[in-house]
Amino acid sequence: SGAEDTVTVKYMTQDGTAVSGLRYEACSGHVVLEKEEVVQHVLIPIIDDKQYQDNEVFYVILQEAGGGAELGPLVKAAVTIVDDDQPGEMEFAEVAHKLQSSNVEDNKLKI
């Protein structure tokens, strides 16, 4: 804030493609910036589900500045949850049937 007095700002999360309770924990509250303080952090827990999926987005919104401060034009930030789970792999334990060219005619398998 850089202000002479303590400033408060209300914040809240909002679902995008990421859904609260499934990919992150919804949060809301107030951030307090003391005299001459310009940075404050908000911790938002991410839920790791161990399943491969696309990256997802949720938003953090700032509202209602107090203490004589005013919010600027950027009050909504997108947060991307980058999926760190790899896609699964599938393989066969053993070959169930070997094809011989004598069993294949006209692109059809004779068994």
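Reader: Is Arg-23 buried or exposed?

Author: Arg-23 is buried, with a relative accessible area of 6%. Buried means under 20% relative accessible area, exposed means over 50%, and partly exposed lies in between, using a 1.4 Å probe and protein chains only.

Reader: What kind of model is this, and how are residues numbered?

Author: This is a predicted model, in which local features need pLDDT of at least 70, side-chain atom pairs count only at pLDDT 80 or more, and totals for chains, interfaces and linings use all residues. Residues are numbered from 1 along each chain as its sequence is written, and side-chain values use heavy atoms, with hydrogens and water left out.

Reader: Where does Arg-23 sit in the chain?

Author: Arg-23 lies in the loop between β1 (7-15) and β2 (28-33). Strands (E, at least two residues) and helices (H or I, at least four) are DSSP runs, numbered from the N terminus.

Reader: Which residues does Arg-23 touch?

Author: Leaving out residues up to four places away in sequence, Arg-23 touches Ala-18, Ile-46, Ile-47, Asp-49, Gln-53, Glu-56 and Ile-81. Contact here means heavy atoms within 4.5 Å.

Reader: What joins the side chains of Glu-56 and Arg-23?

Author: A polar contact of 2.4 Å joins these two side chains, Glu-56 and Arg-23. A polar contact is a pair of N or O atoms within 3.5 Å; within protein, one must be able to donate a hydrogen and the other to accept it, and residues adjacent in sequence count only if both atoms are side-chain atoms.

Reader: Is Glu-56 itself buried or exposed?

Author: Glu-56 is buried, with a relative accessible area of 15%, and is found in strand β3.

Reader: A change of topic: how many helices and strands does the protein chain have?

Author: The protein chain has zero helices and six strands. Of its 111 residues, buried ones make up 17%.

Reader: Which residues make up the largest nonpolar core?

Author: The 12 residues of that core are Val-7, Val-9, Tyr-11, Ala-18, Tyr-24, Cys-27, Val-31, Leu-33, Ile-44, Phe-58, Val-60 and Ile-81. The elements giving two or more residues to this core are β1, β2 and β3, and the largest share, three residues, comes from β1. A nonpolar core is a set of buried Ala, Val, Leu, Ile, Met, Phe, Trp, Tyr and Cys residues joined through side-chain atoms within 4.5 Å.

Reader: What does Phe-58 touch?

Author: Among the residues that Phe-58 touches, not counting those up to four places away in sequence, are Ala-18, Tyr-24, Ile-44 and Ile-81.

Reader: How is the lining of the largest pocket divided?

Author: The lining divides into 11 nonpolar residues, three polar and one charged. Here Ala, Val, Leu, Ile, Met, Phe, Trp, Tyr, Cys and Pro count as nonpolar, Asp, Glu, Lys and Arg as charged, and the others, Gly among them, as polar.
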